[in-house]
Amino acid sequence: MNLHIHPSWKEELIEEFDKEYFQNLTQFVEEEYDAHSCFPDEHQIFNAFDHCPFEDVKVVILGQDPYHGVGQANGLCFSVQDAIAMPPSLINIFKEIKADIGIPFPETGNLERWASQGILLLNATLTVRAREAGSHQKKGWESFTDAVIGTLSRKRTNIIFLLWGGYAKKKGAKIDTAKHHVLTAGHPSPLSANRGYWFGNKHFSQTNALLRSFGEKEIVW
């Protein structure tokens with residue numbers, strides 16, 4: 001597995017890379033990519049970290065699994081490659097942004113523009129086998145991304161964590177809320193959104209209001 005991860009994150013997570021679970025995870029991922037079609041492309045596995053250095057993180061959005069359709073995943077949660085049709089959850093995110101702060105739908109669902117502004121778009125599991133949702137869960141990625149969240153919680157202050165859906169809320173349960181800000185809502189998937197758990201959460205205006213209160217630059221959603 002390609003471990004070319006941004007130097008700032010490599011420094012913070014170096015102990016994780018040496019642990020037995022991560023060695024086993026590396027072997028598993030390499031075997032999966034050799035034997036099957038997997039996503040994202042190997043050089044994009046750590047894209048969330050490469051586009052958002054440790055010291056630049058202002059906001060964290062937690063996802064669960066990469067998209068498992070051909071050409072979709074690019075290593076950033078909820079994001080798709082340019083020219084790829086937007087999945088339903090991403091459409092609902094953009095609908096809420098439009099309702100909340102009036103920004104119209106973008107031309108692309110590629111969220112690199114968010115990552116470059118200090119949003120860590122972190123999936124709990126960083127890889128998946130093509131057309132097999134959840135196929136790389138419980139192989140070690142969750143331990144690694146727990147360590148990422150824990151490191152941010154301990155070493156940084158005033159990060160805004162956006163936890164959407166039960167899985168994200170559970171994964172973010174150990175965030176130190178005395179030092180950070182946690183906004184929760186239902187998942188933007190159609191099942192949750194259509195039941196009234198997503199729309200109207202106003203997380204995007206709330207995030208910018210918090211950033212202003214810290215003296216930080218707002219996110220251009």
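# A walk from the pocket to the aromatic cluster

About 470 Å³ of space lies in the largest pocket of this predicted model. A pocket here is an open set of points on a 1 Å grid over the protein atoms alone, where a 1.4 Å probe fits, with protein on both sides within 12 Å along at least five of seven lines. Its volume is the space filled by probe spheres set on those points, which are joined across faces, edges and corners.

Before clicking on, note that residues are numbered from 1 along each chain as its sequence is written. Because the model is predicted, local features need pLDDT of at least 70 and side-chain atom pairs pLDDT 80 or more, while totals for chains, interfaces and linings use all residues, and side-chain values use heavy atoms, with hydrogens and water left out.

**Stop 1: the pocket lining.** Select Gln-64, Asp-65, Tyr-67, Phe-78 and His-187: of the 29 lining residues, these lie nearest the centre of the largest pocket. A lining residue has an atom within 4 Å of a point. Now colour strand E2 (59-63), helix H4 (88-101) and helix H7, the elements that give two or more residues to this lining. Helices (H or I, at least four residues) and strands (E, at least two) are DSSP runs, numbered from the N terminus.

Stop 2: Lys-171 is buried at 12% relative accessibility, whereas Asp-146 is partly exposed at 40%. The cut-offs are under 20% relative accessible area for buried, over 50% for exposed and in between for partly exposed (1.4 Å probe, protein chains only).

Next, select Glu-12 and Lys-155, another salt bridge, at 2.8 Å from N to O. Glu-12 sits in helix H1 (residues 7-17) and Lys-155 in helix H6 (residues 141-155), so this pair ties together parts 143 residues apart in sequence. Then show Glu-32, Arg-129 and Glu-132, which are linked in a network of salt bridges.

**Stop 3: aromatics.** The whole structure holds 20 aromatic pairs. Zoom in on Phe-22 and Trp-141, an edge-to-face pair with 6.4 Å between centres and 85° between the planes. Phe-22 is in helix H2 (residues 20-35) and Trp-141 in helix H6, so the pair ties together parts 119 residues apart in sequence. Both are buried. Rings of Phe, Tyr and Trp (its six-membered ring) pair if their centres lie within 6.5 Å; planes under 30 degrees apart are stacked, over 60 edge-to-face and the rest tilted. Finish by selecting the cluster they belong to: Trp-9, Phe-17, Tyr-21, Phe-22, Phe-46, Phe-49, Phe-54, Trp-141 and Phe-144.

**Zoom out.** The chain has nine helices and six strands, and its C-alpha trace spans about 45 × 35 × 25 Å along the principal axes. Of its 221 residues, 52% are buried.

Terms used
A salt bridge is a side-chain nitrogen of Lys or Arg within 4 Å of a carboxyl oxygen of Asp or Glu.
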